[in-house]
Every structure is written in C-alpha cells, then in structure tokens.
Amino acid sequence: DSYIAQVDAVEGRLAARKLIRNFAQYQGGQTGPMSSVGGIRPAIRGKGYTTRLDDDFEINTAQPRDFWMLVANKLVARREQEHRQDAPAILSQDGGEMLDAVSAVKRFIPHVPNPPTELAEGRYPSTSDLAAADLRGAILHLLTTPLPSDEKQKKKVEELKAKLKDYYEALQKGRGLSQREGDIPGLLPIADGLEDNQRCPLLNYDGDLLFYQSISGKMMADDYAQPATVERVDGRKRRRVPTEDTRKLAQRIAATARAVITAARAAGVTCTSPYYAVIAFDGDRMGKLLHKLDDAPLHRALSTALGRFAAVQVPNWVEEHNHLGRMVYAGGDDVLALFPLTTVLPATVDLLREYRAVITKAEGLSSVEFKDGTTPLATASCGIVIAHHLTPLDFVLKEARAAEKTAKEQYGRNAIAVRILRRSGQHSTAGYQFGFDEARGAVNYHQLDVISLLTGYLAADQVSSRLVYDFARETHALTTNEMAKAEISRLLARHSSVERDDEMLPQEQRGKLFTEVKRNRLADQLAALHLSMGGNAEASRELAAWLGVAEFIARGGTED
C-alpha cells in the first residue's frame, strides 16, 4: 500500500476507536450547591460535623458555605499566628467563595510555601491584570523614555510621576495587597531601571486596583481581606462589613488611581479600558495538508515545524513587550491566549502570519505546493472575544470557542471572527475571510491592518466616532464598492481634521500628524477592504461591523 493509504487506514481506526464509548457513565458524586467559580462543578463540603466559629455562631460542615467559612477563618487564624498579616488573602471569610476540587487546587497552589519551580512559574494573571496590561505598558514607556524637549509634555510626565507616587503610597496602606512581579512578562523589560515608587504600583498589584470605578470598601473587605466586622444575616449567613478604616482606604486608592488615569490621559495614554480579549486559534484543513505530504519525511518535517511553532514562536509572539499577552496553551496548530484590548488585533495577525511562515518555510517542505486547487493550505482561523474583566471566565472561553467555530463555518476558514461581549448585554460579531494572492502564494493578512490603523486614529481623536455611526446607518444603500468608497471619503472629510505636514517639526512629531495624504490613503484602504468582502450591500454591513470593532477598542468600551 502507498504511504497515504496507510495513513488513511490508521486515521480511520483511530476515529472508529473514539466512537466506541465502552465505559460506564459516571453516576456517583455530590449534588447540591455548585462552585462559585464557574458554577459547573459541585462545591467541596465537609463530613457533617458541627462546630463553632465563635461563641454564638454554630456551623455544620456538611453545608458547603459553612465548610468554606470554616476553611477561610482557619487560614486567617494561621496567618495571624505566623505573624503574616500582610500576606495576600486567599478566601473570603463569609463563605461566599465555595470552591470545587479543581478551583481549590488552582487557588491554593500559588500560596504553597517554597513551591517547586514549575509551580512558581505557573501562575497566571487575573483578567483584571490582562485588561490593565496595555495601560501599564504605555505608562512605563512614558516613564522610561527620555523626557521630551517640549515643556508642556515634560510637565505632564512629571505630573504623572507624582500621581503614581501618591497611588503607591495609598496601596502600601493596605495589608496583603501586593503580589509577585512577572505575571505579565512583557512588562518587565519595559520597567527596567525604574525606581520602586514608579515600578511597583504598575507591576506588584492586581489590575482591578487601577479601575477606580469598582473600588469600594466592600471590594477591599471581600476580595483583599481588609479589616471588616462580621454580621449575621437571616440566622444562617454571615457577611463582612468593611470597617471605617477599610472604607477610607478604598476611597484613597480609588482617588489616587483616578488621578493616575487622568494624568496618563493628559500625557497621551489612551488605553484605559476595563476590557480584555481571548484568542482561540486553530489550523485549517489539516487533513488536506497531510494528504499533500505523501511520505514519512514530509510528515516528520510538518510535525517538527508545528512543534517549533507551539514551543517557541507562540510564547515569543504572545508574551513579548509589544503584545503583553499570556499564553494559556499551544499544542501544534491549536492556541489559546489572552491579551489586553489594544494589542489583540496586531497580535492575531502576527500569529496568523507566523503560523503560515513556520510551515511553508520549514526545512524539508520547500517543494510542497501549499494549495488545494485555488484554496490555500497552511492557514489558520481564529475567534476573538472581547469581554469586561469582571465577566465570568468560563463564559468568555465558551464564547471564544464559538467565535472560532464561526470563523471556520460561517466565513469558510482562513478567517477571523471577533465577538464583543458588552456589559450592557448588546453583543456584536464581525468576521472576515482573508484573501489569497495566487500569484505570490500569499495570504492577504495586511487587509486587516487597516482596522488597527483606524483604531489608532480614533483613539487619538484624529477621526471622530461619528464616522462609524454614520456609515452604519447608510449601509442599506451602499450596494456597490464605488458607492461605499464615495461615502467613506465623504465621511472622512466630514469627521476628521487634517494637519499641515510642517517640515520644521522633528520627524517624530511629523509622523504623528494626521495629514491629507494619510486621510486619502485610509479611504483607499477601507474601500479596498470593502471590495475584498464582496463590494456589495452585505460587504457594507460587514465593514460597518468592523468599524464598530475599531471604535470599541479605541474608546475601550467606556461609552458602553
């Protein structure tokens, strides 16, 4: 038999074996209250003995809430006994955090004394950390860049430094608020050489302490175990009520965080969003690609290339200082990663380009034609979900996988789908199939770069958001590419203001000017994107959805 026939036979047997479910369905296990993390597994409970937390409060450990209240209080007692009052809190003392077995392991591993290296390096940032990563990176870049010659800008940077120092002093008043550096590896090289009062507040505290809108005494008591009194509710429940000192601490942290954000915006930082993004990435048509490789050496070359992509390229691209993401896993052509809002589109395009380059340029595969008729092979599709940092992660991951499925099934692979989960509940989806240049054998990923370009212009207020809303209202009438191009040009002229490219300005400042040349180029690029989507009314609606993505990223969802 030929090599491909043998591969088909093995794959057929493997597929058949997967369909044989010769094991009994699990029938046992606990029923009752589910875990407060995700809600898909039952919370751990005790064996049912009765004990007292204090003189007048009796609990039964068979009740999950009572059991976890007991665990939390024992942890606090042990922390005080060991004189570690400044250690981070692990559990809420009111029993509200009822964990299942998997969640309990994840929660306690970071607090293991002297953990093995693989555990110490396995810590992941919170979704709040991811949402704040681009803000922190932008501030760190400002602080580490030589002060500009412009006196006004220099004063703004000095004001930011002063506000950052006030914020750090406020954070130090709380006990157990700090955490280990390095949860966002890409921030560390940017912060190199900074003093502690500039470095630590941006690297050593959870990101939600920068989102001043949600900081409250209750949050500080529940999430960070700051001092609180315990009150009984309805006879069985207890709740922690923040003390006056805790409320004042929350007010001070919120006020100084707000001052930092205000000063950062004044200095030119635009990324202050409480949203982050998840990418679910998967290779396309792997079966077709494998059938192109008709001998064992070619298969080994492909496996080697995919292994290198997962082990080297993905971590490098995801976690480096330009993208500030964190890789969750990468296995061959399958990737799951988290990013701050403003870097997710450039990072995605970089990953798509790198995936194709790793395969098509791999040693031993140079003779392979990576096409199936007119369909490109060695491509990938990805789903992106943009969500608020307080949205349950299980739901966000489910939506990311659904977005990836949308990219493959609705847009026909070699595609991307972006879903925005707004806090208001008004979710939206935009998708796009990348074009393929047969003459060059290249996938046209650059066509999506225009969305990132427009995002930058919107964030800098060089283009008004009215462009996005006005274009969306007119999509029903824009049935040809010529009509869409004319409307785009008209709206850009109306909703942007161009500046003269002053040759007397330093080159760095000239590059930031939104000139007539840039406006015309942007109009041409948006029209080309519309044409690649079909150049019809449906393309106008799809382009409007992508303009909405650009506007949401530029504004950070603050108007949601």
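Helix α6 (residues 151–172) meets helix α7 (residues 196–203) through K161, L164, K165, Y167, Y168 and L171 on the α6 side, and D196, N197, Q198, C200, P201 and L202 on the α7 side. Contact here means heavy atoms within 4.5 Å, and helices are DSSP runs (H or I, at least four residues) numbered from the N terminus. Sorted by type, the residues of this contact come out as seven nonpolar, two polar and three charged; Ala, Val, Leu, Ile, Met, Phe, Trp, Tyr, Cys and Pro count as nonpolar, Asp, Glu, Lys and Arg as charged, and the others, Gly among them, as polar. The two axes, lines fitted to C-alpha atoms over the stretch in contact, come within 9 Å and cross at roughly 65°.

All of this comes from a predicted model, in which local features need pLDDT of at least 70, side-chain atom pairs count only at pLDDT 80 or more, and totals for chains, interfaces and linings use all residues. Residues are numbered from 1 along each chain as its sequence is written, and side-chain values use heavy atoms, with hydrogens and water left out.

Next, the aromatic rings. The structure has nine aromatic pairs, meaning rings of Phe, Tyr and Trp (its six-membered ring) with centres within 6.5 Å; planes under 30 degrees apart are stacked, over 60 edge-to-face and the rest tilted. Y168 and Y205 make an edge-to-face pair, because their ring centres are 6.5 Å apart and their planes at 70°. Y168 sits in α6 and Y205 in the loop between α7 and α8, so the pair ties together parts 37 residues apart in sequence.

Helix α8 (residues 217–224) is mostly covered, with six of its eight residues buried.

Key. Axes fitted to C-alpha atoms, helices over the stretch in contact; angles between N-to-C directions. Helix = DSSP H or I, 4+ residues; strand = E, 2+ residues; numbered from the N terminus. Buried < 20%, exposed > 50% of the residue type's maximum accessible area, 1.4 Å probe, protein only.
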